[in-house]
Amino acid sequence: MAKKGRRKGANDTSTMAVKRAYEFLRDKTIDFGFRPGERINEVELTNVLNMSRAPVREALNRLVVGGFVGFEPGKGFFCRKFSVTEISELFGVREDLELAAARQTCRIASDEQLAALMTNWQPIVEASSSMSIDELIVADEKFHLDLASLAGNSERIRVLQNINERIRFVRKINIESKQRRIDFLSEHSKIAQAFSDRDEDKAVELLQYHLGLNSKELKANIHEGLARIYAEELV
């Protein structure tokens with residue numbers, strides 16, 4: 001029995017190591033702590049994280065599945081690319097999923113659940129002037145996931161969470177301007193009110209407008225992001 005206990009403890013430790021490595025690497029790739037297409041050095045990571053290579057390799061394999069890391073046989077792991085096409089497609093899929101969820105939410109959510117969207121968003125509006133961009137992004141993602149969750153379908157939520165993480169770098173750039181933050185807060189309030197009124201057409205129209213990001217603005221944000229990633233080389 002004691003031997004089994006030790007084996008279970010070792011497995012728990014390994015699971016915790018994989019989780020820690022995964023979260024560290026996911027956050028680093030979300031913010032492009034590795035440059036797009038940069039080879040990821042597993043040996044360096046084991047030293048940084050102070051763990052063996054096995055949990056680091058397992059974490060990287062999970063990140064490949066999530067689209068954060070690429071893998072080439074014989075060459076190793078690479079940070080995800082940063083392209084207009086890929087990010088545009090992710091924005092498009094996000095919009096498709098959220099609009100479908102919005103219509104379903106209007107039809108099946110309770111009045112109390114719909115009213116809570118506004119109740120929960122109002123404190124964000126009131127505190128927004130003292131919130132960082134990272135905090136606003138977290139609040140925004142929660143608003144959208146809460147809205148989509150009211151429609152059910154856990155698989156849709158899982159995909160949306162993955163997309164949110166993969167486009168977060170660009171979205172943070174998008175709300176850096178003072179005017180965009182003001183519009184961003186107002187748009188959420190109007191969306192929440194439309195759902196509270198159970199006005200399906202208006203709610204979907206407002207949500208679609210909010211999610212829409214024209215290609216020119218998106219390209220500008222991506223070019224700005226690339227400039228920041230490679231800033232050291234431009235000095």
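Asn164 is found in helix α7, where helices are DSSP runs of H or I with at least four residues, numbered from the N terminus. The model is a predicted one, in which local features need pLDDT of at least 70 and side-chain atom pairs count only at pLDDT 80 or more, while totals for chains, interfaces and linings use all residues. Residues are numbered from 1 along each chain as its sequence is written, and side-chain values use heavy atoms, with hydrogens and water left out.

Is Asn164 buried or exposed? Asn164 counts as buried because its relative accessibility is 4%; buried means under 20% relative accessible area, exposed over 50%, and partly exposed in between, with a 1.4 Å probe and protein chains only. Not counting residues up to four places away in sequence, Asn164 touches Arg94, Glu141 and Leu145, contact meaning heavy atoms within 4.5 Å.

From its first C-alpha to its last, α7 reaches 28 Å, close to the 30 Å expected at 1.5 Å a residue; the expected span is 1.5 Å times one less than the number of residues. At Arg168, α7 bends by about 60°, the bend being the angle between axes fitted to the seven residues ending there and the seven starting there.

Glu141 and Leu145 are among the buried residues of α6, as are Asp140 and His144. These buried residues of α6 pack against α4, α5 (111-127), α7, α8 (178-196) and α9 (200-211). The 17 residues of α6 (residues 133-149) should span 24 Å at 1.5 Å a residue, and its end C-alpha atoms are 24 Å apart, which agrees.

The largest nonpolar core has 30 residues, and those with the most contacts inside it include Leu25, Val69 and Phe82. Such a core is a set of buried Ala, Val, Leu, Ile, Met, Phe, Trp, Tyr and Cys residues joined through side-chain atoms within 4.5 Å. Elements that each supply at least two residues of this core include α1 (2-30), β2 (76-79), α7 (154-174) and α10 (215-229). The largest share, 5 residues, comes from α7. Apart from this core lies another, of 27 residues, among them Ala102, Leu117, Ile175 and Ala194.

Val69 also belongs to a strand pair. Strand β1 (residues 69-72) runs antiparallel to β2, joined by 4 bridges; strands pair if DSSP finds at least two bridges between them, and a strand is a DSSP run of E with at least two residues. Val69 stands opposite Cys79 in β2.
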